[in-house]
Amino acid sequence: MLTPEQYLQVVAERVSRSGGRLNTVQIGPVTAAVGLFTESIMLSTMNYCVVAGAYPNVDAATLQQFTGMATQHARANVQGTIGWTAASVVICGLVGRVHPDAAQLASAKTSNQFGGETRMVAVDPHAGMTYAFTGGKLWGAAMHGAINAKLLFCFPQPGEAFQQVQWQAQQQAYQQPPQPGPGGFPGQIPSGPMPQTAPPPAAGPAGPQPPHYPPPGQPPYGR
């Protein structure tokens, strides 16, 4: 089963792969992965702030509070003047056991904001569900299409994230060279000094020799 920590690793990998600047930021009681993007859409600068953290039990109040603190952090890292030459988009997700009220809050249609947009995401790896609003709006259709694409890429469904974790583990196992054991690789000639063996015991005085008998039919020697 996919763990919240594994899911966050997938989010961080996708943020880095798509060109985001990844940092770790303490937001309230949560140590969150924060990705910052700057893109140009329709002659405007889009400032994306993707925030993801793990929390054991995610209810509506926790998600709302976490999103508010993440938004404050995002607004402090905006390039340009919000509303005129730039837009600030915050995509904030918590990963854990999602309560029904948090799932409903994350899936609700977002309200229009001046020069920005905030999306809440609730991910439940145990139930295999990601809750978020990915619908369209008449206002700023091009911008909201870009926001939905960014959200769906950075916060995939847990099943998709689990497939990525498995694929990465297979790649690492394939690329890692086999490690020699105590005796080296099979068929490998040992390097270094040869092992020392104890010398054979010194030969002592000859003991009594066994009697010599002639072959059958031959007379004994000396007769």
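Are Glu117 and Arg119 buried or exposed? Both are buried. The notes below start from the whole chain and return to this pair.

1. **Overall layout.** This is a predicted model. The protein chain has five helices and six strands. Read from the N terminus, the elements run α-β-β-β-α-β-α-β-β-α-α. The chain counts 223 residues, and 37% of them are buried. Take the contacts between residues at least 6 apart in sequence: 68% of these join residues at least 24 apart.

2. **Helix 1.** Helix 1 covers residues 4–17. It has 14 residues and reaches 20 Å from its first C-alpha to its last. That is close to the 20 Å expected at 1.5 Å a residue. Its buried residues are Pro4, Tyr7, Leu8, Val10, Val11, Ala12, Arg14 and Val15. Gly19 follows the helix and has a positive phi, near 95°.

3. **Salt bridges in total.** How many salt bridges does a search of the whole structure find? It finds three. Side chains of opposite charge can pair when their charged atoms come close. The three pairs are taken one at a time below.

4. **Arg17 and Glu13.** These two side chains meet in a salt bridge, at 2.9 Å from N to O. Both residues sit in helix 1, four residues apart, about one turn of the helix. An α-helix has 3.6 residues a turn, so residues three or four places apart point the same way. Glu13 counts as partly exposed because its relative accessibility is 26%, and buried would need a value under 20%.

5. **Glu160 and Arg14.** Here the salt bridge has an N to O distance of 3.0 Å. Glu160 belongs to helix 5 (residues 158–175) and Arg14 to helix 1, so the pair ties together parts that are 146 residues apart in sequence. Arg14 has 6%, so it counts as buried.

6. **Helix 1 against helix 5.** The axes of helix 1 and helix 5 come within 10 Å and cross at roughly 80°. The two helices are therefore roughly perpendicular to each other. From helix 1, the contact uses Gln6, Tyr7, Val10, Glu13, Arg14 and Arg17. From helix 5, it uses Pro158, Glu160, Ala161, Gln164, Val165 and Gln168. By class, the contact residues divide into five nonpolar, three polar and four charged. Arg17 pairs with Glu13 in a salt bridge, and Glu160 pairs with Arg14.

7. **Glu117 and Arg119.** Back to the opening pair. The side chains of Glu117 and Arg119 meet in a salt bridge, with 3.1 Å from N to O. Both residues are buried.

8. **Thr67.** Which element holds Thr67? Thr67 is placed in helix 2 (residues 60–75). With a relative accessible area of 3%, Thr67 is buried. Leaving out residues up to four places away in sequence, Thr67 touches Cys92, Thr118 and Met120.

Definitions and conventions: Residues numbered from 1 in each chain as written. Predicted model: local features only at pLDDT ≥ 70, side-chain atom pairs only at ≥ 80, totals over all residues. Heavy atoms only, no water. Salt bridge = Lys/Arg side-chain N within 4 Å of Asp/Glu carboxyl O. Buried < 20%, exposed > 50% of the residue type's maximum accessible area, 1.4 Å probe, protein only. Axes fitted to C-alpha atoms, helices over the stretch in contact; angles between N-to-C directions. Parallel < 35°, antiparallel > 145°, perpendicular 65-115°, else oblique. Contact = heavy atoms within 4.5 Å. Nonpolar A, V, L, I, M, F, W, Y, C, P; charged D, E, K, R; others polar. Expected span 1.5 Å × (residues − 1).
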